[in-house]
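Biologist: Hi! Could you walk me through this structure in plain words?

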Amino acid sequence: MTADVHREPAPRPAMGLFERYLSVWVALCIVAGIALGSVAPGLFRAIAAAELAQVNLPMAVLIWLMIVPMLLKIDLGALGRVREHWRGVGVTLFINWAVKPFSMALLGSLFIGHLFAPLLPQGQIPSYIAGLILLAAAPCTAMVFVWSNLCEGEPHYTLSQVALNDLIMVFAFAPLVGLLLGVASITVPWGTLLLSVLLYIVIPVAAAQLWRRALLASGGEGALTRALGVLQPMSLLALLTTLVLLFGFQGEAILAQPLVILLLAVPILIQVYLNAGLAYWLSRRFGVAWCVAAPAALIGASNFFELAVAAAISLFGLGSGAALATVVGVLVEVPVMLSVVRIVKRTRGWYERGAAAGRG
């Protein structure tokens with residue numbers, strides 16, 4: 001049995017104060033977002049309205065700023081090395097398509113359909129569960145690059161895995177959601193799906209590769225390293241600004257329905273940690289290199305919330321429980337995934353001891 005080859009990622013520029021106190025900044029941005037969204041709802045509605053095919057354009061710009069450092073590290077000529085990490089690819093595909101949608105359907109039915117049912121509007125319960133299923137049925141695209149960069153993940157694996165998931169999603173999203181929701185046909189928001197792939201994969205990858213070549217041609221690896229040193233703090237600031245916007249967009253809803261938001265967050269939180277933990281454990285069991293296992297856990301747990309929100313609105317309406325459930329997924333996504341990043345980084349020693357035994 002051939003083991004995955006472990007390649008150390010390029011050294012990442014230190015981010016000092018920002019990175020050391022990231023959880024503090026996240027908490028402050030969540031509070032600021034809710035407060036600003038409640039006192040200036042018109043401003044946030046105007047920003048939220050700047051969208052095309054349910055894809056928010058200001059958010060797209062922020063995501064570009066977040067993922068550029070990751071994409072600059074990618075040498076397209078080295079993508080063939082991903083074959084060395086086939087176990088990591090297999091683990092993530094298994095979690096994304098065989099575990100995550102079904103585990104969310106189970107958790108949604110257990111918590112929303114039974115345990116929390118007396119506390120929720122009875123007429124909305126099936127819609128809430130449907131929204132949770134829509135959220136889990138589409139693996140994340142853009143934000144995965146951010147999580148992988150923060151945990152020093154293997155960039156070539158991350159790009160290849162995201163591209164593979166996007167390809168599978170084109171064919172599997174509608175039948176999988178149809179099966180779990182028990183309906184004959186699903187209206188896939190193709191505009192959202194295709195535009196998201198174009199905005200978050202095709203355009204930024206092409207732009208980053210052109211920039212990378214220009215940097216290497218003008219100043220070699222030193223120029224690339226200096227550019228990454230400048231971009232890393234900018235990337236984190238974009239992430240924190242995204243948090244302010246996400247919670248600002250829903251500031252009124254959070255204050256108006258805090259209990260519903262909190263209860264819907266419970267199965268989402270459990271699902272994220274369950275799937276991330278399972279992907280991480282399976283990777284360790286099969287001897288996957290940590291630089292692949294860390295992003296594998298994050299890809300396995302995160303969701304393509306733009307597609308989920310668009311599908312929920314298309315199927316159930318803007319004011320539906322399904323739409324609200326997918327929005328709760330958006331709110332939970334960033335702070336929770338940052339906690340997963342911290343967990344996988346802190347357990348690297350434990351992971352590598354077990355992975356070495358698995359390779360043996």
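This is a predicted model: local features need pLDDT of at least 70, side-chain atom pairs count only at pLDDT 80 or more; totals for chains, interfaces and linings use all residues.

Biologist: Let's start inside. Which residues touch the most other members of the largest nonpolar core?

Modeller: Those are Ile112, Met143, Trp147 and Leu239, in a core of 112 residues. The largest share of this core comes from helix H9 (residues 190-249), which gives 21 residues.

Biologist: What is Met143 in contact with, leaving aside its neighbours within four places in sequence?

Modeller: With those neighbours left aside, Met143 is in contact with Ile63, Met66, Leu239, Phe305 and Val334. Apart from the core we began with, there is a second, separate core of 16 residues, and Leu176, Val188, Leu193 and Ala312 are among them.

Biologist: New topic: rings! How many aromatic pairs does the structure hold?

Modeller: It holds four aromatic pairs. One of them is Phe111 with Phe116, a tilted pair with 5.5 Å centre to centre and 50° between the planes. Phe111 and Phe116 are both buried.

Biologist: Why is the pair of Tyr280 and Tyr351 called stacked?

Modeller: The planes of Tyr280 and Tyr351 are at 25°, with the ring centres 4.9 Å apart, so the pair counts as stacked. The cut-off for stacked is planes under 30 degrees apart.

Biologist: Where do Tyr280 and Tyr351 lie?

Modeller: Tyr280 lies in helix H11 (residues 258-285) and Tyr351 in helix H15 (residues 348-359), so the pair ties together parts that are 71 residues apart in sequence. Tyr280 and Tyr351 are both buried.

Biologist: Which residues do ring pairs link into a cluster?

Modeller: Tyr280, Trp350 and Tyr351 are linked that way. Trp350 also has Arg284 lying over its face, at 3.8 Å from the ring centre.

Biologist: What lines the second largest cavity?

Modeller: Its lining is made of Cys140, Thr141, Ala142, Met143, Asn303, Phe304, Phe305 and Glu306. Helix H7 (142-150) and helix H13 (305-316) are the elements that give two or more residues to this lining.

Biologist: Tell me about H7, then. How many of its residues are buried?

Modeller: Nine of its nine residues are buried, so to speak a mostly covered helix. Met143 and Trp147 are among the buried residues of H7.

Biologist: What covers the buried residues of H7?

Modeller: The cover includes helix H4 (57-72), helix H8 (155-181), H9, helix H12 (290-301), H13 and helix H14 (321-346).

Biologist: Last one: where is Glu152?

Modeller: Glu152 is in the loop between H7 and H8. Although Glu152 is not a glycine, it has a positive phi of about 60°.

Technical notes
Residues are numbered from 1 along each chain as its sequence is written. Side-chain values use heavy atoms; hydrogens and water are left out. A nonpolar core is a set of buried Ala, Val, Leu, Ile, Met, Phe, Trp, Tyr and Cys residues joined through side-chain atoms within 4.5 Å. Buried means under 20% relative accessible area, exposed over 50%, partly exposed in between (1.4 Å probe, protein chains only). Helices (H or I, at least four residues) and strands (E, at least two) are DSSP runs, numbered from the N terminus. Contact means heavy atoms within 4.5 Å. Rings of Phe, Tyr and Trp (its six-membered ring) pair if their centres lie within 6.5 Å; planes under 30 degrees apart count as stacked, over 60 as edge-to-face and the rest as tilted. A charge sits over a ring if NZ of Lys or CZ of Arg is within 6 Å of the ring centre and within 35 degrees of the ring normal. On a 1 Å grid over the protein atoms alone, a cavity is a set of points where a 1.4 Å probe fits but cannot get out, and a pocket is an open set with protein on both sides within 12 Å along at least five of seven lines; lining residues have an atom within 4 Å of a point.
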